[in-house]
Amino acid sequence: MRTLLHNAILNDKAVDITLCDGLIDSVSTASCSPQSAALTEECASIDCSGLSVFPGLMNMHSHAPMTLFRGLGDDQPLDRWLNEYIWPAEQKLTDETVYQGTLQACREMLASGTTAFNDMYFHLPAMAQAVRDSGIRAQLGLNVFGDGNELDRLNTIMRECEGVRLSIAPHSVYTVSAKGLRRCADACVDLHLPMHIHMSETQKEVDDCLREHGCRPWEYLDRLGILDKLGPNIIAAHCLHLSGNEIRLIGDRRITCVHCPNSNLKLGSGYRFPMLELLDAGANVMLGTDGSASSNNLDMIEVMKTAALLQKGWRGDPTVVPAQQILTLATGGHTVAPGQPACLFLAPVRSVSDLVYATHGESVAMTLVDGKIVYRK
Ligand SMILES: [Zn+2]
């Protein structure tokens with residue numbers, strides 16, 4: 001079945017967009033009425049007058065079930081927040097609560113224009129069920145700690161998550177041993193899965209790594225052979241505290257760094273994310289919310305605004321990271337054009353500038369994933 005998005009605004013022009021088999025089929029100047037644009041075969045026509053159309057947002061770092069922990073341990077330092085609040089609470093999770101928490105997260109993301117997310121957590125089969133039930137796209141990371149014993153169950157988990165993309169997610173260099181990190185990297189190579197990891201989130205992480213291993217976190221991964229092994233198949237959240245040498249290591253491998261400004265600000269982890277330096281070095285920069293326990297919402301429109309304003313603020317330069325550039329980072333470079341996935345959202349704004357600076361996720365009017373309407377206000 002075809003879908004016609006009639007009279008939507010795209011780059012200041014009124015357009016008709018046809019969707020077919022999960023892809024954008026055509027984008028043309030809007031016809032006077034949906035009838036004259038009607039196609040001979042069965043076609044659902046949706047009046048999009050007054051709405052701008054944008055490519056779906058990609059939330060590249062989240063812990064979806066943490067919607068359950070929203071507001072828990074607010075205003076605490078990262079180590080106390082993890083040790084005294086979050087990790088004890090996570091001990092009590094079950095498949096059922098993880099399913100409910102993930103479903104809530106998926107609904108919030110779809111309702112705020114996010115069509116895909118890249119996650120890291122436990123109870124993956126329960127999460128996969130929520131992903132399937134919500135209609136969102138996802139890549140779920142199996143969280144690994146210590147020596148990586150979680151990997152023993154990987155084959156079973158992969159079977160139980162059929163149809164949903166997976167990654168292997170060692171939590172960080174300070175919670176996973178060298179043995180565990182190497183096991184993760186080998187499993188990624190064997191099974192053609194990406195690695196998703198927290199990196200260089202706090203100055204303390206860097207200082208501890210220097211004391212324990214005599215080098216900075218990215219130099220440590222390099223020394224373990226992981227950067228050579230996985231290259232661009234590494235997705236690293238945060239990357240706030242980087243040396244020039246680390247930026248070179250990341251850029252040379254075309255690694256993806258995910259900036260989560262709201263989480264970093266709330267946890268007091270830092271705000272000078274080296275976005276321009278990473279892009280210049282060749283890294284792929286994307287955006288994320290982090291879990292709802294540290295960002296409190298999953299609103300990628302809010303993340304775009306914070307990310308852009310922070311760059312302008314700490315560099316003292318209002319011309320850096322304009323609205324269109326931050327939207328490109330938030331959508332992974334997807335565009336509204338024929339042949340692109342029909343993962344889109346519509347909002348009652350006039351321009352990209354309005355979207356980034358003047359609105360928020362609750363304004364989103366409609367979201368489509370692979371051509372299907374998965375949210376409508
Ligand atoms: Zn995280």
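Author: Happy to. The model is a predicted one, and the salt-bridge count in it comes to 14.

Reader: Nice. What does R70 pair with?

Author: R70 forms a salt bridge with E108, and their closest N and O atoms are 2.6 Å apart. R70 lies in the loop between β6 (57–62) and α2, while E108 belongs to helix α3 (residues 95–111), so this pair ties together parts that are 38 residues apart in sequence.

Reader: Is R70 buried, exposed or something in between, and what's the number?

Author: R70 has a relative accessible area of 34%, so it is partly exposed.

Reader: And K229, which side chain does that one meet?

Author: K229 meets D186 in a salt bridge, at 2.8 Å from N to O. D186 sits in helix α6 (residues 178–191) and K229 in helix α9 (residues 226–230), so the bridge ties together parts 43 residues apart in sequence. D186 is partly exposed, with a relative accessible area of 35%. K229 is partly exposed too, with 41%.

Reader: What about R216 and E246: buried or exposed?

Author: Both R216 and E246 are buried. They form a salt bridge with each other, the closest N and O atoms being 2.7 Å apart. R216 is in the loop between α7 and α8 and E246 is in helix α10 (residues 244–252), so parts 30 residues apart in sequence are tied together.

Reader: Which residues are joined into a network by salt bridges that share partners?

Author: K204, D208 and R211 are joined into one network that way.

Reader: D208 makes me curious about α7. Which of the residues in that helix are buried?

Author: Helix α7 covers residues 203–213, and its buried residues are E205, V206, D208 and C209. They cover an arc of only 165° around the axis, which puts them on the same side of α7.

Reader: Why would residues a few places apart end up pointing the same way?

Author: An α-helix has 3.6 residues a turn, so residues three or four places apart point the same way.

Reader: Switching topic to rings. How many aromatic pairs does the structure hold?

Author: There are four aromatic pairs. In one of them, the ring centres of W87 and F145 are 6.2 Å apart and the planes stand at 90°, so that pair is edge-to-face. W87 is in helix α2 (residues 78–90) and F145 in the loop between β8 (137–144) and α5 (154–160), and this pair links distant parts of the chain, 58 residues apart.

Reader: Which residues do ring pairs link into a cluster?

Author: W87, Y121, F122 and F145 are linked into a cluster by ring pairs.

Reader: Last topic: how is the chain divided into domains?

Author: Domain 1 takes in 2–55 + 335–376, and domain 2 takes in 57–330. Their C-alpha centres lie 30 Å apart.

Reader: And the interface? How many residues are in contact, and how much area do the domains bury between them?

Author: 21 residues of domain 1 are in contact with 24 residues of domain 2. The two domains bury about 1,700 Å² between them, with 69% of it on carbon and sulfur atoms.

Reader: How many salt bridges are found across that interface?

Author: One salt bridge is found there.

Technical notes
Residues are numbered from 1 along each chain as its sequence is written. This is a predicted model: local features need pLDDT of at least 70, side-chain atom pairs count only at pLDDT 80 or more; totals for chains, interfaces and linings use all residues. Side-chain values use heavy atoms; hydrogens and water are left out. Buried means under 20% relative accessible area, exposed over 50%, partly exposed in between (1.4 Å probe, protein chains only). Helices (H or I, at least four residues) and strands (E, at least two) are DSSP runs, numbered from the N terminus. The arc is that of the directions from the helix axis to the C-beta atoms. Rings of Phe, Tyr and Trp (its six-membered ring) pair if their centres lie within 6.5 Å; planes under 30 degrees apart count as stacked, over 60 as edge-to-face and the rest as tilted. Domain bounds come from an automatic or database domain assignment. Contact means heavy atoms within 4.5 Å. Buried area is the accessible area (1.4 Å probe) that two parts lose on being put together, summed over both. A salt bridge is a side-chain nitrogen of Lys or Arg within 4 Å of a carboxyl oxygen of Asp or Glu.
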